[in-house]
Amino acid sequence: MLKPNSFLLRIENQDYQRPATHALNAQAFLQLQDPNPFYIRHEPQQSGEFKLFFGERKDSQDIDFDTPINGTSITYSIIRKRLIVTSDLIGAEPVYYRHSGSTIQISNRLENLVKENDCPDWVAIHCYLSFGYTLGESSFFKNIFQTLPNQRIEIDTESLELKKLVADSAPHTMNTESLASNSKAVSNLLYNVMQTYSPMVLMTSAGWDSRALLAPQKSPITAAYTHGDLSSRECTIAKNITGTLRMDHYFKDVEGMVIDTKLLDEMLELHGHCLWPIWHISSRFISETLCLPIASGVIGARMGGHNGFPSMGSRFQKIINSLHTINPKIISKEKIINDIKKNSTAPKNFWFTSDKGSKLFGDLANTTTRNIHNTIDRYLNDTNDLSFAIEKFNYDHISRQYMMKQPILAGAFKGYYSPLSQPNLIRLVYSIPFKQRIQNRLTKGVISELNPGLLNFPMAATLTQAKYSIFTQEISRILRITLEKTFFKIKNNRSKFGWFNYDHLYSTDFFETTIESLKLDIWSKNRMLNRIPNNIVHGIDAGSTMDMVCKIKTVDYHLSRANISLL
């Protein structure tokens with residue numbers, strides 16, 4: 001049976017028993033299971049042809065299926081004998097597909113395609129456990145692939161020939177405008193983009209991207225919502241920001257949220273993964289309480305430049321490598337690439353694997369690392385722009401496969417909006433030199449154009465107002481980190497700067513029950529159970545531990561469906 005809020009498309013070029021509802025000359029057959037109209041839009045025709053879109057909530061009756069915005073579309077023409085899959089520039093809503101013999105199957109859920117004894121792609125799984133993504137079009141299984149950002153797949157439904165094309169061939173070119181001019185252009189476009197949306201609730205932090213979405217004076221954002229540690233500095237600043245806007249603001253403290261193994265199982269059934277459980281809880285709460293879709297600034301990293309090469313490595317490496325934007329002679333391109341590859345090296349050992357699992361991943365580590373480094377090289381070779389290449393690699397992998405899973409969780413409820421990933425806005429932002437976007441310079445300029453008062457509040461990570469220079473911000477950040485470490489040593493308790501404080505989970509049975517629920521023999525339950533108390537002693541936060549356990553459970557869920565075992 002199909003998973004909820006999903007579809008399965010089958011293309012056959014041989015005769016078989018067709019359901020009575022299918023046209024005799026049709027060769028592509030679509031099944032839908034409990035589709036949420038705020039996530040999946042389906043337009044069937046009596047002829048057997050159809051159009052389908054899934055992704056960002058669409059309130060208009062008209063959808064451009066040929067050029068999807070913030071989602072993926074599928075169109076089928078019986079006359080042309082063509083089925084076309086088109087992903088947008090972001091590619092955060094991938095289609096999974098497999099081609100075996102005389103059949104092609106396509107779905108928005110990996111589980112709908114998995115068959116018993118399918119062969120796992122252990123290199124992809126190793127990469128996922130290490131970094132939170134699989135490379136390129138790979139999935140957890142060797143014979144199942146996923147669409148890429150900005151991709152168009154054309155399938156001849158008679159011959160089953162499959163062509164992979166670039167959906168948007170617009171060249172990447174840099175403009176020569178000043179930062180002030182670019183800030184004005186982006187702020188005008190952002191304002192206009194926001195006017196195209198219906199009422200929404202903004203998932204609000206104290207960060208740059210939330211402020212950018214709050215900046216337009218006329219906005220469809222009718223309320224703000226913040227979850228996490230409500231005693232944290234982050235939440236306090238977020239409250240002060242929306243207070244100046246006289247905006248309703250809803251709060252949920254993480255300690256009051258029930259995060260347990262049952263919740264993770266619910267997420268796996270609804271979404272196919274159990275990452276970001278707090279976003280699942282919050283999306284459901286907003287849906288039930290306010291009956292509105294959510295919006296977030298998750299994809300705003302493009303505007304802020306914080307997914308470029310200075311985002312990778314240690315804090316020291318980030319600061320040093322940022323000097324390349326001032327003068328490449330200070331820090332060379334070669335040094336930066338070397339640092340990036342060092343930080344993209346797959347580990348040979350994990351703390352959660354059994355002896356069998358340790359041998360498996362240990363033997364694969366060099367292959368996984370080589371594949372990652374070769375992929376980075378391909379991105380570098382595709383453009384002479386180091387900054388753009390690394391940004392694109394990060395967006396195509398960690399951003400779309402991991403970070404964007406946060407707002408997409410609302411696809412099971414009232415849906416989500418993603419204003420910052422509108423294609424016209426993305427194209428404009430991509431045309432702006434990285435040195436104007438790095439360290440949120442462009443975002444700061446946009447906020448200054450639309451609502452400069454939002455810069456009078458500090459960032460959660462710094463101790464001075466956001467309107468001050470980057471140098472001042474970084475000095476205050478260093479002071480904040482020093483204070484934070486001193487506070488932890490004296491009080492043996494985590495400070496209240498950040499909002500992702502899940503340490504209460506250490507006093508519950510969450511980790512124990514989740515670990516015990518795992519099925520595969522590649523994990524070592526004893527090692528994992530023994531590791532949790534050590535994490536507490538060594539000050540390893542429960543949030544990062546939970547994130548890793550959720551990745552493990554996601555892999556376990558998918559592979560166990562195929563009855564995978566190393567025995």
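A patch is made of residues with over 30% relative accessible area and no salt bridge, nonpolar side chains being joined within 5 Å. The views below show a predicted model.

**View 1. A nonpolar surface patch made by three leucines, Leu463, Leu479 and Leu483.** The patch covers about 250 Å². One of its members, Leu483, lies in helix α16, which spans residues 470-491. Leu483 has a relative accessible area of 44% and is therefore partly exposed.

View 2. Arg437 is buried, because its relative accessible area of 1% falls under the 20% limit. The side chain of Arg437 makes a polar contact of 2.7 Å with the side chain of Glu391. Leaving aside residues up to four places away in sequence, Arg437 touches Glu391, Val429, Ile432 and Leu442, together with Arg302, Met303, Gly304 and Gly305.

**View 3. Helix α15, largely enclosed by the rest of the structure.** The buried residues are Leu442, Thr443, Lys444, Gly445, Val446, Ile447 and Leu450. Leu442 is also among the residues that Arg437 touches.

**View 4. The hairpin of strands β3 and β4.** Strand β3 (residues 40-44) and strand β4 (residues 50-55) run antiparallel and are joined by 5 bridges. In this pairing, His42 stands opposite Leu52 of β4. Between the two strands lie 5 residues, and Gly48 in the turn has a positive phi of about 105°.

Key. Residues numbered from 1 in each chain as written. Predicted model: local features only at pLDDT ≥ 70, side-chain atom pairs only at ≥ 80, totals over all residues. Heavy atoms only, no water. Buried < 20%, exposed > 50% of the residue type's maximum accessible area, 1.4 Å probe, protein only. Polar contact = N/O pair within 3.5 Å; in protein donor to acceptor, adjacent residues only side chain to side chain. Contact = heavy atoms within 4.5 Å. Pairing = 2+ DSSP bridges. Helix = DSSP H or I, 4+ residues; strand = E, 2+ residues; numbered from the N terminus. Patch = residues over 30% accessible without salt bridge, like charges linked within 9 Å, V, L, I, M, F, W, Y side chains within 5 Å. Areas by Shrake-Rupley, 256 points an atom, 1.4 Å probe, with all protein chains shown as cover. Salt bridge = Lys/Arg side-chain N within 4 Å of Asp/Glu carboxyl O.
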